[in-house]
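My entries follow the structure.

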Amino acid sequence: MELNPVLKATSLRKAYGARVAVDALSFSVAGGEIVGLVGPNGAGKTTTISMILGVLAPDSGSIHIEGHHLAKARGAALSRTNFAAVYAPLPGNLTVEENLRIFGMLYETPDLTSRMNEVIAEFDLDKFRRTRCGVLSSGEQTRVSLAKAMLNNPALLLLDEPTASLDPSTARAIRARIQAFAARGKGGVLWTSHNMAEVEATCDRLLFLSRGRILLEGNPRTLAGLNGHASLEDLFVAVAREPLREDL
């Protein structure tokens, strides 16, 4: 295990009344690594992401981001984190440039104008600078959200279904940009997706979540075969249907 991971989650637990959404969940993400967090609906993926973002407080357990304890040093931890999801678009009444400037100020991004120009160029957004985000296509809005997520050069990038609803060409371009970010070796990525082909092509390591617990972990290109399945999708279906054993 990485000695100094960018993310370390230890024994996380979150319950909503009698329903336990996340149960004794521990894992880490290293710099330069893309970790896939997959599982059926209700497995606890979004709850886990929300706890790492500080939106939800875990009932127990701890989260460290670049060594900062999220509950004790929230500002320091979250300043090194960013997030993008297709269900969380940026304010539609603001232009691309306005959104990036406001979020850049919130993250206290150094040399903000220069950094904005860098991400605008990286995500091919120059012609949309003064366009309101609400009138952009789904693919264009995703590119703006990812540009926002890159503004502060995060140590930890959280992506919750980032390519959902995108056409294959746009999704491929987005995956390539995320892989390029990880390849720089400094930032780590936690990626949730229901697209097993995307996960296999993009992630370095895979965590299968079911009822708030990790059932399987490994290389997405070999994990299916090691568990007796022809494809990652077949393995996903089998994991989704398998009842959770009490001894896990």
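**Cysteines**

I find Cys 133 buried, at a relative accessible area of 4%. Cys 203 is likewise buried, at 0%. Buried means under 20% relative accessible area, exposed over 50% and partly exposed in between, with a 1.4 Å probe and protein chains only. I count zero disulfides, a disulfide being a pair of cysteine sulfur atoms within 2.5 Å.

**Basis**

I work from a predicted model, in which local features need pLDDT of at least 70 and side-chain atom pairs count only at pLDDT 80 or more, while totals for chains, interfaces and linings use all residues. Residues are numbered from 1 along each chain as its sequence is written, and side-chain values use heavy atoms, without hydrogens and water.

**H3 with H5**

I looked up helix H3 (residues 96–106) and helix H5 (residues 138–150), whose axes come within 9 Å and cross at roughly 25°. H3 is therefore roughly parallel to H5, a term for angles under 35 degrees. Axes are lines fitted to C-alpha atoms, for helices over the stretch in contact, and angles run from 0 to 180 degrees between N-to-C directions. Helices are DSSP runs (H or I, at least four residues), numbered from the N terminus. Val 96, Leu 100 and Phe 103 of H3 touch Val 144, Ala 147 and Lys 148 of H5, contact meaning heavy atoms within 4.5 Å.

**H3 with H4**

I note that H3 packs with helix H4 (residues 112–122) at about 130°, the axes being 10 Å apart. Glu 97, Leu 100, Arg 101, Gly 104 and Met 105 of H3 meet Leu 112, Thr 113, Met 116, Val 119 and Ile 120 of H4.

Definitions and conventions:
Helix = DSSP H or I, 4+ residues; strand = E, 2+ residues; numbered from the N terminus. Parallel < 35°, antiparallel > 145°, perpendicular 65-115°, else oblique.
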